[in-house]
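Here is a walk through one interface in a protein model. Keep the structure in view as you read.

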Amino acid sequence: MSLLAVEDLDCRYGLLQAVRGVSLQVAERETVALIGANGAGKSTLLRAIAGAHQPHAGRVKLDEADVTSLSAHARVRRGIALVPEGRRLFAGLTVDENLRVAAASRPGGRWTVRTVIEVFPFLQARLHSPAATLSGGEQQAVAIGRALMTNPRLLLLDEASLGLAPVAVDAVYRSLGDVIREGATVLLVEQDLARALKVADRVVCMLEGRVVLEGDARSLDRDRIVNAYFGLRRAGVGGAGT
Amino acid sequence: MTVRRWTRTSKLFTGCTGLVALLLASVPLVFSPDIVQKTTTLLILILLAAMWNALAGYGGLLSVGQQAFIGLGAYGTVLFAGFGVPPYVAMLLAVVVAGSLSIPISLFALRLRAAQFAIGMWVIAEVASIVVGLDQGLGAGTGISLSQLYQVDPNYRQAYTFWLALALTVLFLAAIFFLLRSPLGASLQAIRDDEDAARSLGVRVAARKRLLFVLAGFGCAAAGVLIVANTLFIEPGSVFSVQWSAYMIFMVLVGGLGTFEGPIVGAILLFAIQTTFTQGGPWYLVGLGATAALFALLLPKGLWGTIEERLGLRLLPVGYQVVEKK
Amino acid sequence: MTITNAILQGIFLGAFYAVLACGLSLMFGVMRIINLAHGDIAVLGAYIVLVIVQGTGISPLIAFAIALPVLIAIGYVLQLTILQRALKAGILTPLLATFGLSIVIQNLLLLKFSPDVHSLGASAGALTTQSWSLFSGESGAGSTGITIPALGLVVLSVAVVIFAALQLFLSRTRPGWRMRATAEDPDAAELIGIDSRHVYARATAIAVAIAGLGGLFLAIRSVFDPVSGPTQLIFAFEAVVIGGMGSLWGTLLGGLALGVAQTLGAQVNPEYAALSGHLLFLAVLVIRFGGVRLARFGASA
């Protein structure tokens, strides 16, 4: 039984269709990497799963229950948490406040300010600093920590490495590794192909709104991934999709 | 596909408006002074609605203080007539002088954002009201009448006032019409649709807004002049009242914000309501306020805007239509 | 009256304006809405207290305690019905909708209660009449000394308490953090489980309750009638702008500044009171937003 099931999802922005008939499943404790070029529809898909975007057609199911009509904050209470692209911290609040403001949504889980600090130790010193004064890497850590504070069953990460120095990305992914080892279910969008493949169990590749490739992260042929990513046919250049 | 400006409907209708204007001009010759006065009131409402629409519908400037210019126009007339200027000349002079005040006011008013602009204009109206109300020579708080007009025979007075009202209303409506049809007009409609996008395309948004603001200033001053000419007696509390803003908002919201014909529809509607519920009073105002709010929330395009959208109708050629070649 | 006394009375007057302005400032800070019906809601609060006082004969202050739940309920309903829709629609819509609401409230009050003025000063008894004089005496030009009216002290204390309580709420409590978070980024707030509608409703309820308190003070220190609302709105808005929009303590200071400006203006000529406040407001706008190219830090019209 899968934790998350997406069925024939269609997402539009006005006349522009961003996601076309996407179906996807994520099992409990699985880590799935969603890859693809810019504009492939990955962010939109994540946002639709989180409830931040209302799909045109299709269903999102959590534990077999249809959550498609639920608002974002209601889904958080069911256990879906999205770390949005660009972090979007509350700049006027301190790190501590940013974390604790998320806590009431699903109380009684293992994530508290203390346990978040254990995963991101470098935040201890910055606990009472306004979020706006943090570095990019520190902000990303707070953003992930904030989502963790809701004790999610499904953690969605949108471009966690975007705009960060490689050192910072290393730190973030190290901590993410800890979180995954603890048993979290993660669906992450990642531009950095190498990192995505290293941390994920399964990889899903999107192109122009559709899923074009799916498979085990470790055993999938590298060339197949690259071809799917860029929409190249096996025999040569040209065309789109498989 | 071709792009065209004039459709058969719009040619027909524009011809009709010319006819209507001519017909209206003959009203004083046919009807009693009483009816002429009422029709003058209708023209004043149309003028006010068109001006508020120019500000809010095309400039995105929500002013709750246009009554400042109305009052200044009215008191300006009384002031100049008091200096010995012939009444109808005083009126034109007052339009010019009171209207020009919009230029210095615009220098700082237009830098204010939405709510500050709205209430800032209201405060300016209050300041004008207080300052005028302090002047004993202008009747202070109790009001003053345009006594110079008493010497004119009521029939002629009403007729002259009506023709002045017709001329001014047509003038300002024509100004907006030609403004919208000019290259300036396309940028105005772009500002109405999406200000930031327009700015990014190089449209000089600030200059356009100033133009609208000044135009509305002159227009509302003209309305104020006509009000005192029509009713002969004014006092600060009524001519500087925020009630005028309430009427303007109602007319434009219900008629159709950002359309050319909408304000006229709204003005006719308000006029009809006012003449039916002659006692006025609270119930009628409750209705006005509630209707304006409901239109803002539920039918933001107003009556005309919705009709225009549903039927694809464009009576006056202020935009372009893309048409499939047959 | 000496200048010192005028300034003191201005501070007492300003505290009243600060209470009026508090709710307006909160709603702007959280929702970016200026509620043009705010003054009328304050007056509505005054009428609710009036009805209770006339019906039961109890003191206005206790009557307000009874009126408080009604005001809070009004706030919730106002947000969930009108403001929530208006928020989604555009920048102009909340202004237009609340303007329409303002007219509706004024005229419904006119229908229910006559245009006559009312006052709760008499019912408040000693609170209205009690005052203390210090350093009084006569000297050459006029009377010296300062007067401290009991009501003025009460309003000033209440104002400080309310602002402090609100500040504490926003900085120390989780509902307060959620309000600040939603004010900053409602979408990100939704993503961590905050229902922005409820946060907005709570803010509106608080704003309406405090506005009602302002109405109570208006009723006690002065007279009111169904159309007193717009005047209160203008003073409240001026206080918010003078103090700096978006700053809670700024609103308190802005209120005090407005009060002092008015009383000093009245020293010159009693008819100049409101005018002085308006001129201060306009001056602040001119200085802050220029007419002159002051700062070019990306500030666009």
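A salt bridge is a side-chain nitrogen of Lys or Arg within 4 Å of a carboxyl oxygen of Asp or Glu. By that rule, A:R88 and C:D187 are joined by one, at 3.8 Å from N to O. Three salt bridges cross the interface of chain C and chain A.

The model is predicted, so local features need pLDDT of at least 70 and side-chain atom pairs pLDDT 80 or more, while totals for chains, interfaces and linings use all residues. Residues are numbered from 1 along each chain as written, chains are lettered from A in the order written, and side-chain values use heavy atoms, without hydrogens and water.

Now the interface as a whole. Contact (heavy atoms within 4.5 Å) links 17 residues of chain C to 23 residues of chain A. The two chains bury about 1800 Å² between them, 59% of it on carbon and sulfur atoms. Buried area here is the accessible area (1.4 Å probe) lost on putting the two parts together, summed over both. C:W177, C:L191 and C:I192 supply 39% of what chain C buries against chain A, more than any other three residues.

Which helix gives the most to the side of chain C that touches chain A? It is α7(C), with six residues. Helices here are DSSP runs (H or I, at least four residues), numbered from the N terminus.

Notes: Helix = DSSP H or I, 4+ residues; strand = E, 2+ residues; numbered from the N terminus.
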